[in-house]
Amino acid sequence: MSRMSCDLAIIGGGPSGMAAAVQGAALGLDTILLDEQPAPGGQIYRGIEAVQRARADDLRILGEDYEEGAGLVAAFRDSGAAYEPGSVVWQAVEDGRIGISHGGAARILIAQRILIATGAMERPVPIPGWTLPGVMAAGAAQTLLKANGMVPDTPVVVVGAGPLLYLVATQLARAGVTIAAVLLTGPDIGMSDALKVPGALRAGRTLLKGLAWRNELRGMGVPMIHGVSQPVIEGKAQAEAVSYTVGGTRHRVPAGLVLLHNGIIPNTQLSLGARCKQAWDPGQHCWRPETNEWGATNHARIAVAGDGAGILGARAAACLGRMAALDAAVRLGKLDPAQRDRMASADRAQLATQQSLRGVLDRLFPPAGELLVPIGPEDVVCRCEEVTVAELLDAVAQGCTEANRVKAFTRCGMGPCQGRVCGPIAAEVIARALGQGADRSGQFRVRLPVRPVPLAELAELQS
Amino acid sequence: MFRRLHELSATVTVFLDDAPLCVAAGETVAAALLIAGVPVFHAAPRYGSPRGPHCMIGNCYDCLVEIDGMPYRQACLTIVADGMRIHRMTEHEASS
């Protein structure tokens with residue numbers, strides 16, 4: 001029989017969710033962790049148990065940061081927290097109700113405390129041709145490598161900006177994949193450039209790691225081209241090549257698979273759906289839920305921890321998960337605030353270090369402005385409904401200055417993804433048309449359920 | 001488009017558009033189809049443009065397929081099962 005109530009329900013099995021579950025269970029909270037995936041780890045440590053068990057060779061490809069997740073996964077397995085993998089959460093409501101679909105049946109779980117730990121997603125990269133089959137987010141290739149031990153068997157072109165691009169390209173090249181080109185919009189950043197950023201010295205080890213990836217790619221003979229502009233994916237039924245401009249000249253490189261990346265942003269679907277107040281983060285150029293240092297939102301029962309509350313990376317996510325669990329215990333009367341503060345001291349110190357590191361990375365690798373917004377009138381903004389830039393601009397010309405107005409006029413954001421992907425793009429298109437910042441465009445509202453649920457499941461809802 | 005770094009151990013049989021396909025137990029429908037060399041999963045409803053998996057983590061809804069008679073399922077979030085019947089949704093159903 002499925003559980004119908006608990007003290008602390010955690011949504012998401014990545015570093016923040018697992019760390020929160022370990023801490024919550026240790027404090028005697030009746031804790032349940034719900035996760036869409038079949039095994040713990042989140043996307044960052046996806047498949048870590050299977051890799052260790054059956055594909056240990058792949059650890060050399062994936063690197064030590066990935067392997068670091070094994071300790072947290074093992075601690076979570078031993079924690080005593082209830083674990084429900086394969087659970088799709090389609091709503092979280094401020095009164096504590098969580099809608100879950102699992103194994104073809106839906107139910108409502110009532111939680112005294114809800115911790116949303118749904119992590120990050122890749123920022124969309126709406127360049128011409130981005131909807132073609134054979135074009136994926138760079139993280140998708142990592143997912144296939146981690147979860148399935150699968151790598152591309154066709155020449156890959158990686159396009160975009162951000163440190164993750166170097167990592168993905170390095171991992172694929174280590175696995176023997178032909179990287180036809182790494183096309184970066186930004187300049188080539190050396191250690192001397194990096195050290196000009198305030199706080200960079202304290203981030204020295206992280207920066208060295210990034211430079212090591214770049215040097216490793218060079219050593220493997222992977223062409224890295226910096227200062228690229230106007231990338232276009234060519235192909236009719238499938239991606240065939242990427243053309244781009246560098247140094248005033250147009251170039252073209254054939255590709256069987258194109259990987260795109262322009263940094264990561266919080267996945268706000270559940271926190272938005274729960275009407276948690278959101279704030280614009282100018283440094284990371286994205287929306288995130290408003291939280292205090294314990295992850296608390298404007299709703300008394302709901303907290304958000306990890307990258308879903310602002311991008312800080314896996315180590316910070318674990319700290320924030322533990323801190324949110326400590327705060328949950330205070331709110332449930334199992335701990336007093338002074339104990340909480342004492343128990344959080346190590347995590348607070350680690351968090352400060354991670355925040356300073358992230359600040360350096362954010363300044364070194366801002367999102368590439370050119371990749372945020374499509375220009376051509378026929379360029380696709382909304383993948384689901386095939387809504388173009390021209391249609392959005394037409395709505396703006398008719399007086400729609402806010403994202404939800406534009407959505408109502410154009411259907412942009414009304415497809416199955418509910419604007420997860422096109423939301424940030426539509427905001428940029430509107431903002432550019434009106435000559436203002438993207439934050440002024442607002443955010444698409446989210447309708448529950450946040451994931452599609454068959455009507456038959458809702459009809460037999462157990463609650 | 002993809003290859004495996006390791007030999008398959010446990011396998012199950014699914015049916016893709018009624019043809020049997022041997023896939024790795026425990027993998028997602030999206031991974032199984034990609035390794036089988038299937039780039040197109042469905043057609044976008046307005047103009048019928050071909051679509052395949054893009055994000056692989058449940059956000060883009062471009063890997064939609066019909067699974068055991070239920071349309072619009074996210075292939076990247078669904079684990080294969082022996083005997084599972086998968087149909088690509090590539091028929092253009094434009095109505096607008």
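Visitor: How many residues of chain A are in contact with how many residues of chain B?

Guide: In this predicted model, 41 residues of chain A are in contact with 34 residues of chain B. A pair counts as a contact because the C-beta atoms, placed from the backbone, lie within 7 Å.

Visitor: Which element gives the most to the side of chain A that touches chain B?

Guide: Helix α6(A) does, with six residues. Elements that each supply at least two residues there are β7 (120–122), β8 (135–137), α6 (138–148) and β9 (150–152) of chain A. By class, this side of chain A has 21 nonpolar, 11 polar and nine charged residues.

Visitor: What makes β9(A) and β1(B) a pair of strands?

Guide: Two strands pair if DSSP finds at least two bridges between them. Three bridges join β9(A) to β1 (residues 2–4) of chain B, so the pair qualifies. The two strands run antiparallel, and Val151(A) has Arg3(B) as its bridge partner.

Visitor: Why are β13 and β15 of chain A said to stand at the edges?

Guide: Let's start with the sheet itself: an open one of three strands, in the order β13-β14-β15 (chain A), with antiparallel pairing. β13 (229–234) and β15 (249–254) each have a single partner strand, so one side of each is left without a neighbour in the sheet. The twist in this sheet averages 20 degrees from one strand to the next.

Visitor: How do you know that the radius of gyration of chain B agrees with a compact globule?

Guide: A compact globule of 96 residues would have a radius of gyration near 12 Å, and chain B has 13 Å, which agrees. The C-alpha trace of chain B spans about 45 × 25 × 20 Å along its principal axes. Chain B holds one helix and eight strands, running β-β-β-α-β-β-β-β-β from the N terminus on.

Visitor: What share of chain B counts as buried?

Guide: Of its 96 residues, 42% do. They count as buried because 20 or more other C-beta atoms lie within 10 Å of their own.

Visitor: In which sense is the crossing of α11(A) and α13(A), left-handed or right-handed?

Guide: α11(A) passes α13(A) in a left-handed crossing. The axes of α11 (residues 314–331) and α13 (residues 345–364) of chain A come within 9 Å and cross at roughly 145 degrees. Among the residues that meet are Cys319(A), Leu320(A) and Met323(A) in α11(A), and Leu351(A) and Gln354(A) in α13(A). By class, this contact has five nonpolar, three polar and three charged residues.

Visitor: Which residue takes a positive phi in the hairpin of β18(A) and β19(A)?

Guide: His285(A) does, near 55 degrees, in a hairpin with four residues between the strands. The strands, β18 (residues 278–281) and β19 (residues 286–289) of chain A, run antiparallel and are joined by four bridges. Asp281(A) stands opposite Cys286(A).

Notes: Residues are numbered from 1 along each chain as its sequence is written. Chains are lettered from A and ligands numbered from 1 in the order in which they are written. This is a predicted model: local features need pLDDT of at least 70, side-chain atom pairs count only at pLDDT 80 or more; totals for chains, interfaces and linings use all residues. Axes are lines fitted to C-alpha atoms, for helices over the stretch in contact, and angles run from 0 to 180 degrees between N-to-C directions. Two residues are in contact if their C-beta atoms, placed from the backbone, lie within 7 Å. Ala, Val, Leu, Ile, Met, Phe, Trp, Tyr, Cys and Pro count as nonpolar, Asp, Glu, Lys and Arg as charged, and the others, Gly among them, as polar. A crossing is left-handed if the near helix is turned anticlockwise from the far one by less than a right angle, and right-handed if clockwise. The radius of gyration is taken over C-alpha atoms; the globule rule is 2.2 Å times the number of residues to the power 0.38. A residue is buried if 20 or more other C-beta atoms lie within 10 Å of its own, exposed if 12 or fewer, and partly exposed in between; C-beta atoms are placed from the backbone.
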